[in-house]
Amino acid sequence: MFETLRNALKVKDIRKRLLFTLVVLIICRLGSQLPIPGIDTDTISQYLNSLLGDSFNLLNSFTGGSFESMSLFALNVTPYITASIIIQLLTIAIPALEELYRDGEDGRKKINNITRFVTLGLSVLESAGLAIGFGKQGLLSNYGPLIVMEMIVCLTAGSVFVMWLGEQITEKGVGNGISIILLINIVARIPNDLSNLYQNYVAKPTDVTSKIIAAVIILAIIVAMFVFIVFLQDGERRIPVQYSKKMAGRKMVGGQSSNIPLKVNTAGVIPIIFASSIMSFPSIILSFVGKSDIKGIGGTLIKMLNSNNWFDKTNPVASLGLILYIVLVIFFAYFYTSITFNPMEVADNMKKQGGFIPGIRPGKSTVDYLNNLLSYIIFIGAAGLTIVAVIPFFFNGFFKANVSFGGTSLIIIASVILETLKQIESMMLVRNYKGFLND
């Protein structure tokens, strides 16, 4: 990684792109510190933390802490990410969008424009929901139409501006702009989390041996999780494909071998995001309608949905909610992969190009083979994803080690870094080819 960056800095064009990316990221972090007038950040932070649990940590991590402080960039990239997921799902369901997606560069530009408008709409809705919800809970000073409009305008403008900054990075910088901003938001929270871990588990013990053991355990867990995630993200099953030879004029062409790479973690972090959102949804609705303090069986069920109560020694029944969470993660791993990877389409494309999987007949046999193999791979990826997601819950519930960089955040860090490095290497490779051709 460091060698790739060092070589990239020697190239003037890539160096300019990296510098431009750095400047934009600094602007993003500065905007995350600008407060909105009339907001009591401490009260809102405590309220959201008790309401959302791990979903709050996830959301706060995605926004780089700006959601917790309810700054100008409080929504940050979350509306754009949600809009992208919605459009991606609708592309499968609506034939017109699917046709646009397959219509080359022009079609993708139209889809990007649609995503921007959906982002704007979601920003307005989320801003209005936050303003009205906070107002009804008594968290806003001078609650009224003026403060509501102020929050809607500020939060929407901040979200749209961050989206524009991300597009500028994609066009003039290095990597996918939204992913890079998401990465820097997550990384910005890590020093504060490490400081909290140090104060709670390394600084507290009186003897030196306990301090060293605590520090080694914390470091070992973080490194082990990161290494596991890198293998999970980079792991893939390559399906060999052989293309038959055919006559083109007087020559025989084709006959080359290729492969279809199937990633182990085919759905990325989408299953965790969907599962966390569904688990926190009932608590949010009950809070906004003023019925968050439910007693009896209903209250127990709500506690089971809150990840802050999982692995709690004083309330073991609440940990049963973890079972539902794991089921949702596995379900969404299969669901999301099923709508983004179509074995029948892959088999048809191979057949049209004269390709086949060795030992498997073209057509239905190929589709069945891909379906069976995909089910096996998805299960492995979902199991790995579940392990990564549950480990932070265990340490949070059992040891009260509450940090914002959970398994989801580490997956995003690893995947974005790997993809960005691959893009830098690709840019350097293209430059070397151009230099060779010019010579």
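Leaving out neighbours up to four places away in sequence, Ser 71 is in contact with Gly 31, Ser 32, Gln 33, Leu 34, Pro 35, Ile 36, Ser 66 and Leu 155, where contact means heavy atoms within 4.5 Å. The model is a predicted one, in which local features need pLDDT of at least 70, side-chain atom pairs count only at pLDDT 80 or more, and totals for chains, interfaces and linings use all residues. Residues are numbered from 1 along each chain as its sequence is written, and side-chain values use heavy atoms, with hydrogens and water left out.

Back to Ser 71, then. Its place is in the loop between helix H4 (54–62) and helix H5 (78–93); helices (H or I, at least four residues) and strands (E, at least two) are DSSP runs, numbered from the N terminus. Ser 71 has a relative accessible area of 1%, so it counts as buried. For these labels, buried means under 20% relative accessible area, exposed means over 50%, and partly exposed is in between (1.4 Å probe, protein chains only). The loop between H4 and H5 also holds Asn 76, which is buried because its relative accessible area is 2%. Asn 76 has a phi near 55°, a positive value in a residue other than glycine. Most residues other than glycine have a negative phi.

Now for the chain as a whole. The secondary structure comes to 16 helices and 5 strands. Of the 439 residues in the protein chain, 43% are buried. The accessible surface (Shrake-Rupley method, 1.4 Å probe; for residues, only the protein chains shown count as cover) comes to about 23400 Å², and 65% of that belongs to carbon and sulfur atoms. Take the contacts between residues at least 6 apart in sequence: 72% of them join residues at least 24 apart.

Helix H13 (residues 321–340) and helix H15 (residues 364–399) pack at an angle of about 140°, and their axes are 9 Å apart. Here the axes are lines fitted to C-alpha atoms, for helices over the stretch in contact, and angles run from 0 to 180 degrees between N-to-C directions. The crossing of H13 and H15 is right-handed; a crossing gets that name if the near helix is turned clockwise from the far one by less than a right angle, and left-handed if anticlockwise. On the H13 side, the residues that meet H15 include Leu 322, Tyr 325, Val 329 and Thr 337, while the H15 side includes Leu 374, Ile 378, Phe 379 and Phe 393. By class, this contact has 15 nonpolar, 3 polar and no charged residues. Ala, Val, Leu, Ile, Met, Phe, Trp, Tyr, Cys and Pro count as nonpolar, Asp, Glu, Lys and Arg as charged, and the others, Gly among them, as polar.

Thr 337 sits in helix H13, and its 1% relative accessibility is why it counts as buried. Not counting residues up to four places away in sequence, Thr 337 touches Thr 266, Ala 267, Leu 374 and Ile 378. The side chains of Thr 337 and Thr 266 make a polar contact (2.7 Å), meaning a pair of N or O atoms within 3.5 Å; within protein, one must be able to donate a hydrogen and the other to accept it, and residues adjacent in sequence count only if both atoms are side-chain atoms.

Ala 275 lies in helix H11 (residues 270–288) and is buried because its relative accessibility is 0%. Leaving aside neighbours within four places in sequence, Ala 275 is in contact with Tyr 325, Leu 328, Val 329 and Phe 332.
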